[in-house]
Amino acid sequence: MKACCGISVMELKPGQILAADVVAGNQVLLNEGAVLTEDKIKQLQEWKDVERVSVFVGENGDSVKLPEVSREMLEQYNETVTSVRHAFESARAFKTVPVDDLISVARTMMGSLISHYAVLQAMKLQERVGEYTFQHSVNVGILAGIIGKWLKYDEASLGQVVLSGVLHDIGKAQIPPEILNKPGKLTRDEFLVMKKHTVYGYDMLKGADSISEEIRLAVLQHHERLDGSGYPFSLRQDKINKLSKIISVADTYDAMTSNRVYQAKRTPFAAVEVLEQEMFIRMDANVCLTLLHHLKESLVGNHVVLCDGRSAKIIHIGRQGADDLIVQTNDGEFINIGLRQHGLIEACEG
Ligand SMILES: [Fe+2]
């Protein structure tokens, strides 16, 4: 699947999927990943500032299918996000976490949702405004589970990994909404408050017998970094719990590749670059290398749009990530993107 930029709103058809947010002024009218209905198309046609939008099309120009993911899986993902939202709301209101509900959420995620990286890519097209914290918790659970599978964890350990991912930010339920959802950079004092979500999460789970101490520590330590630059306790190396090391990589990757209130998402290539810089120094090398290896594998074959408007297919990704990329254009030319700064403007599902 590739993005087709600039289709006239008068030519849209129900079932097409937006490949980019539709923005008018400062307002996002529809999110990337939204499936167009007759009503939505009518709204777009009536909005006088919007003339063209970007939709996903197949090789033949008319396919609108989501990549490798069934409607049932999308529904399961959306239900999972809703369950996590309810858990956060209940944790905010009653200061206790509905642990049994989240254990059953993690159990249902163990099947199809953590089966393949393409699933997460497709789920990320479902970004919903105002739901970042809940979707992020589910995404981190999925990605951590996938990494656990790549690391050949057994079923029981995978269950712990997924649940740690779902729970890792539960302490944010005690962060004031005006700080949690602030549409801009946090002040120093606000950031100090935000950092407390790690300790709040650990404390909220203290009384839950069905949650292991390992999971509680993953929640407490997921912002610790190997060089001691993390929080809340500036722990180093082996003092950091093993589960946290997986959650911190999944957390960082998902945060970078998601839209947040204060930051637009970055491409997987930019995320690959950051992980390459962080591993060994701040994040566990084995976990990072495992994710990088599979990410690069999954990006080969994807379609990208070059600055000159030509579409191309990724043939090879070298050790330098986005700086070491060979693509083949539709007219057969091979280009080493690394030799041309900013040669790549858009990466789409393949
Ligand atoms: Fe966090």
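**Cavity, iron site and backbone features of a predicted model**

The largest cavity holds about 40 Å³ of space. The model is predicted, and local features are reported where pLDDT is at least 70. One cavity of 30 Å³ or more is counted. Rolling a probe the size of a water molecule over the atoms shows where empty space is left. Ten residues need naming here: E224, R225, L226, I240, S244, K245, S248, R282, M283 and D284 line the largest cavity. By type, this lining divides into five charged, three nonpolar and two polar residues.

The protein chain has 350 residues, and 52% of them count as buried. Its secondary structure comprises 13 helices and nine strands.

Four residues supply its protein donors: D169 through OD, and H197, H222 and H223 each through NE2. These atoms lie 2.2 to 2.3 Å from the iron ion. Along the sequence, the donor residues follow the spacing D-x27-H-x24-H-H. D169 sits in the loop between α6 (155-167) and α7 (177-180). H222 sits in the loop between α10 (213-221) and α11 (242-256). The pair therefore ties together parts that are 53 residues apart in sequence.

The four donor atoms subtend angles of 85 to 175 degrees around the iron ion, so the arrangement is irregular. A tetrahedral arrangement would need all angles between 85 and 135 degrees. Two of the donor residues were checked for accessibility. D169 counts as buried because its relative accessibility is 2%, and the cut-off is under 20%. H222 is also buried, with a relative accessible area of 0%.

The loop between α10 and α11 also contains P232. A cis peptide bond joins Y231 and P232, with omega about 15 degrees. Most residues other than glycine have a negative phi, and most peptide bonds are trans. P232 is partly exposed, since its relative accessible area is 28%. Beyond its neighbours within four places in sequence, P232 is in contact with T198, V199, L220 and E224. One of these residues, E224, also lines the largest cavity. P232 and K195 are 37 residues apart in sequence, yet their C-alpha atoms are 7.1 Å apart in space.

Two lysines have a positive phi. K95 has phi near 60 degrees, a positive value in a residue other than glycine. This residue, K95, is placed in the loop between α2 (71-94) and α3 (99-109). For K152, phi is near 65 degrees, again positive in a residue other than glycine. K152 is found in the loop between α5 (132-150) and α6. K152 counts as exposed because its relative accessibility is 74%.

A312 belongs to strand β6, which spans residues 311-317. With a relative accessible area of 0%, A312 is buried. The C-alpha atoms of A312 and F334 are separated by 9.1 Å, and the two residues are 22 residues apart along the chain. V272 belongs to helix α12, which spans residues 268-278. V272 counts as buried, at 2% relative accessibility. From V272 to L291, 19 residues apart along the chain, the C-alpha separation is 9.0 Å.

Note on methods. Residues are numbered from 1 along each chain as its sequence is written. This is a predicted model: local features need pLDDT of at least 70, side-chain atom pairs count only at pLDDT 80 or more; totals for chains, interfaces and linings use all residues. Side-chain values use heavy atoms; hydrogens and water are left out. Donors are N, O and S atoms within 2.8 Å of the metal (3.2 Å for Na, K and Ca); water is not among the atoms, so sites may look incomplete. Four donors count as tetrahedral if all angles lie between 85 and 135 degrees; four count as square planar and six as octahedral if opposite donors are over 155 degrees apart and all others between 65 and 115; anything else is irregular. Helices (H or I, at least four residues) and strands (E, at least two) are DSSP runs, numbered from the N terminus. Buried means under 20% relative accessible area, exposed over 50%, partly exposed in between (1.4 Å probe, protein chains only). On a 1 Å grid over the protein atoms alone, a cavity is a set of points where a 1.4 Å probe fits but cannot get out, and a pocket is an open set with protein on both sides within 12 Å along at least five of seven lines; lining residues have an atom within 4 Å of a point. Grid points are joined across faces, edges and corners, and a volume is the space filled by probe spheres set on the points. Ala, Val, Leu, Ile, Met, Phe, Trp, Tyr, Cys and Pro count as nonpolar, Asp, Glu, Lys and Arg as charged, and the others, Gly among them, as polar. Contact means heavy atoms within 4.5 Å.
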